[in-house]
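Student: I have a structure open and want to learn how to read it. Where do I begin?

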Amino acid sequence: MASNQAAQHAATQKELARKLEEYIEKIHYSDRYSDDHFEYRHVILPKQLLKLIPKEYFNQDDTGTLRLLTEAEWRGIGITQSLGWEHYEVHAPEPHVLLFRRPKDYVPPTQPQYTKAERATRRK
């Protein structure tokens, strides 16, 4: 009996992962636009993906809108962008639209450059 439940759970998880991957492929990223201080873009999630997002990512006020997400959270639901973006607003009439910004002259941090000897030492 327990093995049957485990098999059903595994099948459910596999189907959920398949749906999630399908929805992630349908995320729409706008072109970037800017003002004097920030570069902006909006990200439109498929409405079906919204149903799979953890409940704790939503506001407690029953409006059905997402709260502002940390970078780890928005990356965790499948949003992929270069470094420096901040989720700064949710378009309340359309909770599946997330607004992002980053400083206009953002320069991503550089990776430290190591010599061959230093890289070999770091691998040990």
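Tutor: We go from the overall layout to single residues.

Tutor: This is a predicted model. Start with the elements.

Student: How many helices and strands are there in the protein?

Tutor: There are four helices and five strands. Read from the N terminus, the order is α-β-β-β-α-α-β-β-α.

Student: What share of the 124 residues counts as buried?

Tutor: The buried share is 26% of the 124 residues. The accessible surface of the protein is about 9,000 Å². Carbon and sulfur atoms account for 53% of that surface.

Student: And contacts along the chain?

Tutor: Take contacts between residues at least 6 apart in sequence. Of these, 46% join residues at least 24 apart.

Student: Now strands. How do strand 4 and strand 5 run, parallel or antiparallel?

Tutor: First the general idea. In a regular strand, side chains alternate between the two faces of the sheet. Here, strand 4 covers residues 86-90 and strand 5 covers residues 97-103. The two run antiparallel, joined by four bridges. A hairpin of six residues links strand 4 to strand 5.

Student: How should I read salt bridges?

Tutor: Side chains of opposite charge can pair when their charged atoms come close. A search of the whole structure gives six salt bridges. In one of them, Glu-71 meets Arg-75, with 2.8 Å from N to O.

Student: Where do Glu-71 and Arg-75 sit in helix 3, relative to each other?

Tutor: Helix 3 spans residues 71-76, and the two are four residues apart in it, so about one helical turn separates them. Glu-71 is partly exposed at 33% relative accessibility. Arg-75 is also partly exposed, at 29%.

Student: Is Glu-73 buried or exposed?

Tutor: Glu-73 counts as buried because its relative accessibility is 14%, under the 20% cut-off. Its salt-bridge partner is Arg-67, at 2.7 Å from N to O. Arg-67 counts as partly exposed, at 24%.

Student: What partner does Lys-26 have?

Tutor: Glu-22, through a salt bridge of 3.8 Å, N to O. Glu-22 is partly exposed, with a relative accessible area of 31%.

Student: Which residues is Gln-81 in contact with, beyond its neighbours within four places in sequence?

Tutor: They are Tyr-29, Arg-41, Val-43, Trp-74, Arg-75 and Phe-100. With Arg-41 there is also a polar contact between side chains, at 3.5 Å. Arg-75 is the residue that bridges to Glu-71.

Student: What about Gly-84?

Tutor: Gly-84 is in the loop between helix 3 and strand 4. Its relative accessible area is 22%, so Gly-84 is partly exposed. Leaving aside neighbours within four places in sequence, Gly-84 is in contact with Arg-101, Arg-102, Pro-103 and Tyr-106.

Student: How far apart are the C-alpha atoms of Gly-84 and Tyr-106?

Tutor: They are separated by 6.9 Å, while the residues are 22 apart along the chain.

Notes: Residues are numbered from 1 along each chain as its sequence is written. This is a predicted model: local features need pLDDT of at least 70, side-chain atom pairs count only at pLDDT 80 or more; totals for chains, interfaces and linings use all residues. Side-chain values use heavy atoms; hydrogens and water are left out. Two strands pair if DSSP finds at least two bridges between them. A salt bridge is a side-chain nitrogen of Lys or Arg within 4 Å of a carboxyl oxygen of Asp or Glu. Buried means under 20% relative accessible area, exposed over 50%, partly exposed in between (1.4 Å probe, protein chains only). A polar contact is a pair of N or O atoms within 3.5 Å; within protein, one must be able to donate a hydrogen and the other to accept it, and residues adjacent in sequence count only if both atoms are side-chain atoms. Contact means heavy atoms within 4.5 Å. Accessible areas come from the Shrake-Rupley method with a 1.4 Å probe; for residues, only the protein chains shown count as cover.
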